[in-house]
Amino acid sequence: MSTKVKKMLFILSKATLENVYAAFVMANGARMEGIESEIFFTFFGLEAIQKKKLEHLHVATVGNPAMHMPTMLGGLPGVEALATKMMKKEMEKLDMPPVGEFLEILSDSGCKLWACKLAIDMFHLSKEDLIDELDGILTIGDFYNRANEEGTHLLFI
Amino acid sequence: MKKNIAQTEIEVNEEGYMTDFSQWNKEVGVGLAKEQGIDMTDRHWDVINYIHDMYKKDEPLSIRGIKKSGILDIKEFYDLFPGGPLKKATLIAGIPKPKSCI
């Protein structure tokens with residue numbers, strides 16, 4: 001297959017499991033097709049690269065009509081944890097790696113992982129809080145400079 | 001469609017993947033690799049042998065599987081088969097393109 005897409009830049013701004021996996025699967029899929037890929041973690045997306053938090057991400061049971069459950073039920077204690085457990089089980093069946101292992105795979109595959117400087121400052125995080133695979137901390141300007149090539153696409157998740 | 005490679009006639013699909021594994025041999029593999037700009041080394045053959053093992057066992061191939069294989073790590077896999085390693089390695093190995101998204 002030959003494609004005009006040469007580079008995919010993902011901006012991950014959310015920490016819900018389904019959004020994090022969407023970004024990871026697409027970024028990894030790009031590398032497997034010979035397309036360059038990079039992920040810029042900003043705002044809540046930073047949770048996916050914080051050592052202490054990345055294995056504890058949840059699916060959203062409230063405000064998510066596709067869960068097909070009444071909003072009040074979704075907000076009860078334990079419901080979100082249960083839904084998350086069930087989804088993780090299904091993903092394991094499909095051989096989807098857990099978040100930490102997925103980040104290693106992405107890094108080994110040549111996918112660049114960047115943290116947003118503004119969000120880091122806002123959440124009072126330091127480099128030590130973040131995964132070792134991180135390629136660096138960028139401003140949005142730095143990130144846009146990385147898009148300065150023909151065939152580059154940006155995707156906000 | 002038919003295609004001639006390494007003095008052998010092979011049957012391939014529109015993406016260039018062999019459709020009859022019994023037509024595959026090492027010379028065909030070398031020829032297919034050359035078309036992908038790859039010169040086969042012992043390390044490349046280690047990977048192809050692993051892929052054949054998995055294929056015979058009917059086990060799906062994935063990047064995660066490569067990581068667990070104990071044969072090589074993902075970095076080396078991308079170095080050996082640049083530009084879509086699983087796609088290229090399976091093409092050279094004469095087996096269908098993997099359908100997995102991961």
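Why is strand 2 (residues 36–41) of chain A largely enclosed by the rest of the structure? The legends below take up this strand and then a helix of chain B. This is a predicted model, in which local features need pLDDT of at least 70 and side-chain atom pairs count only at pLDDT 80 or more, while totals for chains, interfaces and linings use all residues. Residues are numbered from 1 along each chain as its sequence is written, and chains are lettered from A and ligands numbered from 1 in the order in which they are written.

**View 1. Strand 2 of chain A is largely enclosed.** Of its 6 residues, 5 are buried, so the rest of the structure largely encloses the strand. Buried means 20 or more other C-beta atoms within 10 Å of a residue's own, exposed 12 or fewer, partly exposed in between, with C-beta atoms placed from the backbone. Strands (E, at least two residues) and helices (H or I, at least four) are DSSP runs, numbered from the N terminus.

**View 2. Strand 2 of chain A pairs with strand 1 and strand 3 of chain A.** Strands pair if DSSP finds at least two bridges between them. Strand 1 (residues 7–12) runs parallel to strand 2, joined by 6 bridges; A:M8 has A:S37 as its bridge partner. Strand 3 (residues 112–116) is also parallel to strand 2, over 4 bridges, and A:E38 is partnered by A:K112.

**View 3. Helix 2 (residues 42–56) of chain B has buried and exposed residues.** B:V47, B:I48, B:I51 and B:M54 are buried.

Definitions and conventions: The expected span of a helix is 1.5 Å times one less than its number of residues.
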